[in-house]
Amino acid sequence: MNLRPLHDRVVVKRMEEERTTPGGIVIPDTAAEKPIRGEVVAVGSGKRLDNGEVRGLDVHVGDKVLFGKFSGTEVKVGEEDVLVMREDDIMAVIEG
């Protein structure tokens, strides 16, 4: 990827959500909501604190994360659509 986020920003690629309900009903693309799960593909160097130190980020490349529905800015890099957001917009890391 030719995109390097600055400071406390991360680049996230959305993960596809299930298109069928547990009952077997297929949800059409027009009715489906945007996924709120994704994979971190790039991270910045960290957040600069008031005293000048840089605090590293808690998320790493490859982490699966949950974020808000309207978080970040959508950017097209080559053929891929990714989100650029601050680490603060990430709600949780999915483990396991």
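Tutor: A salt bridge here is a side-chain nitrogen of Lys or Arg within 4 Å of a carboxyl oxygen of Asp or Glu. The model is predicted: local features need pLDDT of at least 70 and side-chain atom pairs count only at pLDDT 80 or more, while totals for chains, interfaces and linings use all residues. Residues are numbered from 1 along each chain as its sequence is written, and side-chain values use heavy atoms, with hydrogens and water left out.

Student: What makes the contact of Asp81 and Lys76 a salt bridge?

Tutor: Their side chains meet at 3.8 Å, N to O, and the rule asks for a Lys or Arg nitrogen within 4 Å of an Asp or Glu carboxyl oxygen, so the pair qualifies. By this rule the count comes to 7 salt bridges.

Student: How do you know whether Asp8 is buried or exposed?

Tutor: Buried means under 20% relative accessible area, exposed over 50%, and partly exposed in between (1.4 Å probe, protein chains only). Asp8 has 4%, so this residue is buried.

Student: Which residue does Asp8 meet in a salt bridge?

Tutor: The side chain of Asp8 meets that of Arg86 at 2.7 Å, N to O. Asp8 lies in the segment before E1 and Arg86 in strand E7, so the pair ties together parts that are 78 residues apart in sequence. Strands (E) are DSSP runs of at least two residues, numbered from the N terminus.

Student: Why is Lys76 called exposed, and what is Asp81 called?

Tutor: Lys76 has a relative accessible area of 55%, so Lys76 is exposed. Asp81 has 49%, so Asp81 is partly exposed.

Student: How do you know that E6 and E7 pair?

Tutor: Two strands pair if DSSP finds at least two bridges between them. Strand E6 (residues 73-77) and E7 have 5 bridges, in the antiparallel sense. Lys76 has Asp81 in E7 as its bridge partner. The two strands form a hairpin with 2 residues between them.

Student: What makes up the largest nonpolar core?

Tutor: Such a core is a set of buried Ala, Val, Leu, Ile, Met, Phe, Trp, Tyr and Cys residues joined through side-chain atoms within 4.5 Å. The largest has 10 residues in all, among them Val10, Val12, Val40 and Phe67. E1, strand E5 (64-67) and E7 each supply at least two of its residues.

How values were computed: Helix = DSSP H or I, 4+ residues; strand = E, 2+ residues; numbered from the N terminus.
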